Amino acid sequence: MGTVPSALKHCLSYQHLLKEQLWIAEPPAAAHPAQEPQASGLPEYIKIVEVGPRDGLQNEKVIVPTEIKIELINQLSKTGLPAIEVTSFVSSKWVPQMADHKEVMRGIERHPGVQYPVLTPNLQGFHSAIAAGATEVSVFGAASESFSKMNINCSIEESIEKFEEVTKSARSMNIPVRGYVSCALGCPYEGNILPDKVAEVSKRLYSMGCYEISLGDTIGVGTPGSMKKMLEAVMKEIPLSALAVHCHDTYGQALANILTAIQMGVAVVDSSVAGLGGCPYAKGATGNVATEDVIYMLNGLGINTGVNLCAVMEAGNFICTALNKKTNSKVAQASFSAGTIN
Amino acid sequence: ATGAYPKRVKVVEVGPRDGLQNEKNIVPTPVKINLINMLSETGLQVIEATSFVSPKWVPQMADHTEVMQGINKLPGISYPVLTPNLKGFQAAVAAGAKEVSIFGAASELFTQKNINCSIEESLERFDEVVKAAREASIPVRGYISCVLGCPYEGKISAAKVAEVSKKMYSMGCYEISLGDTIGVGTPGSMREMLAAVMREVPVGALAVHCHDTYGQALANILLALQMGVSVVDASVAGLGGCPYAQGASGNVATEDLVYMLNGLGIHTGVDLQKLMDAGTFICNALNRRTNSKVSQASCRL
């Protein structure tokens, strides 16, 4: 495996190097019986929601040129990812990184079978998104009052009212709405968050018409223990098929938490190419879990995602080069470095 | 499934040996001793101290006798050392070792490249050590490398791992630590491998030694715990890169493991803050950043 002399390495394309990687093979069509998802009670298929271009870039310091954002999304569109969160129709005063939301929305290639949701914090953002061609939107709630106040300057109840305006409008236009619940496993201000609170907020979002609720471990403090308790509470109120997990890897727990969630039947997982997006609450710490690392795990479990891991790594390599930063994906690090055995 | 987890997990700290052995900078003896002494204050029950191997092969461990004799040996804590052969075993015992480890592999090619003999030949060598250890009432821990993949052979069959485990267990090793040497394993391959091994060796005698090179370590460990494994190896600050993938990470960080176990309500006896302090100490001494995410996140600069 991979004994590429270093002199040759720089001549070979990234794609070529990846082909040498024994461990990045496509998932076997007929997995070993012990690895078949059904045998182990795991979902057969998991939908990956790629949040790199929005959640990822939003938490990167460097402002990324519009063309780079568009190119990243176009590359991601070719990987098999079924959903790619494109941008956020929020005031550029608050989130300068997303100031070019209209240009990005209009500039990207729209591949059939791929969803391109955008964030819409209120009715104004929603209208702007629709005008720019959005066909799916997301709203962002929280399970913590303090976080809600600090983040969007209003209480949970007030935020729910704003979202209801969005979902009403969206329903009348047949636009699906995804709901996010932040701080599902802990809050940077309040600390511990009660599972019942998460369930309550999730239920409000689901009842108002969100087709899917993405439960976010915003500061990455969750563990398989707290993930299980939280999901048990939420599953009493929301059907499993409408749930997603959005784990941060700030404490290295993301994949273990995701494994726990999928063992409980959750079949939608958010992740960010190259693990883009640090944690705004712990300087220098990581944030989003890397899509490459999630897919590597799911491939190993025999779970179908439809996503080509090599293609994602290429997109990751593209954006990291553009951002002049190292990838946060361990799979990408290991794959790019391997081939130096003597 | 998410069935019952063990109530207690024994964490085997391999930082001072496996960790430092894979660090580029040679660490001065007093620093090694201080690290082990700090680790001894954390509640860890097992701390792998050093390796009685020829300094020609592993210069980092050349000071094995000084380290062994220099550390505070606290009661209730075990300080195993690696002994690749009878000569190393005798040197270890002379230096005061009370527990030793031997290092096998589930891959023929890996064994050839690593210690220049076949698996069968390596087991014969180990047998000498185990026999001598039994006479001296010294417990022996067996390691098996490449249980989920080999840098030379690629895929490794679970049956092969089970075969080597059985041989080492029957020989007299009280515990078998199954190592994902290049970190390529996933919960899928971990499950398959453990199922095969557990047919030959009781789960109470099994440990997992996961590398985080592909970010899979904690997920793999979680799966192992679900299958009944209750001994987990880890390295403070995630010391020890991967010698097979330059710049990639190696050992899973003890801090991150303990954080997860705490969250699961599993008892380890380890004080996470003291552990992080030991990690901070060795990273400063090595002039490098920690590989532990818990440590990184907790440090709000």
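Buried area is the accessible area, taken with a 1.4 Å probe, that two parts lose on being put together, summed over both. In this predicted model, chain B and chain A bury about 3,800 Å² between them, with 59% of that area on carbon and sulfur atoms.

**Interface between chain B and chain A**

The contact involves 48 residues of chain B and 46 residues of chain A. Polar terms across the interface comprise 10 residue pairs in polar contact, both residues of each pair being at pLDDT 80 or more. The count of salt bridges between the chains is 2. One salt bridge joins the side chains of Lys330(A) and Asp212(B), with an N to O distance of 2.6 Å.

**Nonpolar core**

The largest nonpolar core has 205 residues. Those with the most contacts inside this core include Leu205(A), Leu215(A), Leu231(A) and Ile262(A) from chain A, and Leu178(B) and Ile221(B) from chain B. Ile258(A) also belongs to that group. Apart from neighbours within four places in sequence, Ile258(A) is in contact with Val245(A), Cys247(A), Val269(A), Val289(A), Val294(A) and Met297(A).

**Confidence**

The average pLDDT of chain A is 90, and 87% of its residues score at least 70. Residues 1–12 of chain A, however, have a pLDDT below 50, although this stretch has 21 contacts in the model beyond near neighbours in sequence. Where pLDDT is low, the predicted coordinates should not be read in detail.

Notes: Residues numbered from 1 in each chain as written. Chains lettered and ligands numbered in written order. Heavy atoms only, no water. Core = buried A, V, L, I, M, F, W, Y, C linked by side-chain atoms within 4.5 Å. Buried < 20%, exposed > 50% of the residue type's maximum accessible area, 1.4 Å probe, protein only. Contact = heavy atoms within 4.5 Å. pLDDT = per-residue confidence, 0-100. Salt bridge = Lys/Arg side-chain N within 4 Å of Asp/Glu carboxyl O. Polar contact = N/O pair within 3.5 Å; in protein donor to acceptor, adjacent residues only side chain to side chain.
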